[in-house]
Amino acid sequence: MDAYDTNESDRSGGQCPVPHGGTSGSEGKCPVMHGGNTSMEQKPMHWWPKSLNLDILHQHDTKTNPMGEDFDYQEEVKNLDFDAVKKDLTALMTDSQDWWPADWGHYGGLMIRMAWHAAGSYRIGDGRGGAGTGNLRFAPLNSWPDNGNLDKARRLLWPIKKKYGNKLSWADLIILAGNVAYESMGLKTYGYGYGRSDIWHPEKDTYWGAETEWLAPSDERYDDVETPSTMDNPLAAVQMGLIYVNPEGVNGNPDPLKTAGQIRETFARMAMNDEETVALTAGGHTVGKCHGNGRAENLGPEPEAADVEEQGLGWINHKTRGVGRDTVTSGLEGAWTTNPTQFDDGYFDLLLNYEWQLTKSPAGANQYEPVDLPEEKKPVDVEDGKTRYNPMMTDADMAMKMDPAYREISERFAKDQKYFEETFARAWFKLTHRDMGPKARYIGPEVPAEDLIWQDPVPAGSKDYDVAVVKAKIAEAGLSIGELVATAWDSARTFRGSDLRGGTNGARIRLAPQKSWEANEPERLNKVLSKLVPIAKETGASIADVIVLAGNVGVEQGIQA
Ligand code: HEM
């Protein structure tokens, strides 16, 4: 059994630690209220399940904010010594700790996987998920099967978090660790923006799927699992507890072409096209390794289910060694490339130039091994530089070779390493910043100057116009209160707080597709815009401003009426 086909976890734990009646002589009951006041089963919602649950209104309520109401991370982070943090992180990468030794003495792979899994939960459907809030620290994400052993990565970062305190959020630190890891392995990154504020308790408003079992079969979230586009929206992962796809194939059955279909859909739901998808998968697996040299059954419960003496860590193996070369995480085992601590061209070299055959990892997971790979191309053991093992590929990696569209891109990258590195660096930047909203929110010395299309750039509006004149012209335009207010509202109501996209900025309501949305009543909208656009031209105000001012004029007229 490997980590992707178990939903077992040892939750038995709960023996009472209090010596019953040992000294008091009082017979029978334990004096400690075991879950008496906290158990979910005893909550009013259990007795009256149809009551209206208003819990969501308390999510991240300012009264529970441990930072205090006046704390503004976006201001605080400007006081951070950016160079010093990066220096400390660079040193951390190769400072192997006995309690969780670094593979080949470098934590880069682990840190990159953590950053990727933090960012990779983002989906464009509702703008939720992503690395922007530090939610990887909390349930359910901290305990997803796919996030196995990322608790160790965060614990390794703890001394740095402690050193820089509130000037550096967990959310920023997690992504920065991924960036620094790449840089210390030889990649020139595209940039980095600080500015992600932490949440301080788990989110209640994100739908991760209806299943009540980890890794329940994909079928439950598809109308037809053979048609990837039928996956339940806004989800962007194929099974409960995964970031994107199952590395062993659809429902754990290896078939790279079918997996390619699921990869294409899940990555598209995070706004990634085919080229970005190949770049990310290859660039991700150019470094690090999979861990499955042991039995998943030996792992203890995930962090959220682990006993208090595990101190917040999970998946602790108390039965066998369980670290270094004996680590079990995904259950797949092995590195992808010859030099897994260097960002080089090894991934495509091995994937495209050698035959691969299906095999099983020591933990029993489906994976591929090369046929007749020369000894010197095999990566060395993580603890012993003299022993070499075969590298491996997951079903998802094989998709980069077997799917015709992915293959074409892979070959292009294989021929032009510089192009691959640049494309990857840009895709990595997008992956890790996409959920932050407008570029104006990025902070720090490494914010790239270039405007990128996915940042939804809008031309800088003008403040150099007379608001009173604009409002007077709107009032004389012969539009009704309803037309003025409805247009402003239609234009504003596309805004969402999750990834700060949409809204009035840019006056997108006058462009496709919004101008044709039935809910925007295109005929009425056209009529209103035919009056407002000329006012913008005459006065120098942006159309976006004129639309909002029109709403104000309408409301003011309504109040007077
Ligand atoms: C197509 C989707 C992907 C699948 C199915 C996948 C699957 C996996 C699996 C099974 C592991 C092994 C985890 C372990 O046992 O420790 C792994 C490791 C890793 N993945 Fe991915 N991955 C995908 C995409 C990515 C992307 C987009 C990135 C980053 C850009 C990435 C970066 C990494 C890294 C760096 C590791 C090594 C971790 C370590 O050395 O500890 N992966 N991946």
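In this predicted model, the side chain of lysine 439 makes a polar contact with the side chain of aspartate 451, at 3.1 Å. Lysine 439 sits in the loop that runs between α12 (417-433) and α13 (467-475). Leaving aside residues up to four places away in sequence, lysine 439 touches Val447, Pro448, Ala449, Glu450, Asp451 and Gln455.

The protein is divided into two domains: domain 1 covers 243-292 + 307-415, and domain 2 covers 467-560. Taken over C-alpha atoms, the centres of domain 1 and domain 2 are 51 Å apart.

A search of the whole structure finds two cavities of 30 Å³ or more. The largest cavity has a volume of about 890 Å³. It is lined by 48 residues, and Arg113, Trp116, His117, His285 and Trp336 are the closest to its centre. Several elements each supply at least two residues of this lining: α4 (108-119), α7 (256-268), α8 (274-285), β1 (289-290) and α12. The most comes from α4, with seven residues.

The second largest cavity holds about 100 Å³ of space. Its lining has 16 residues, and those nearest its centre are Trp144, Trp208, Ala236, Ala237 and Leu242.

How values were computed:
Residues are numbered from 1 along each chain as its sequence is written. This is a predicted model: local features need pLDDT of at least 70, side-chain atom pairs count only at pLDDT 80 or more; totals for chains, interfaces and linings use all residues. Side-chain values use heavy atoms; hydrogens and water are left out. Helices (H or I, at least four residues) and strands (E, at least two) are DSSP runs, numbered from the N terminus. A polar contact is a pair of N or O atoms within 3.5 Å; within protein, one must be able to donate a hydrogen and the other to accept it, and residues adjacent in sequence count only if both atoms are side-chain atoms. Contact means heavy atoms within 4.5 Å. Domain bounds come from an automatic or database domain assignment. On a 1 Å grid over the protein atoms alone, a cavity is a set of points where a 1.4 Å probe fits but cannot get out, and a pocket is an open set with protein on both sides within 12 Å along at least five of seven lines; lining residues have an atom within 4 Å of a point. Grid points are joined across faces, edges and corners, and a volume is the space filled by probe spheres set on the points.
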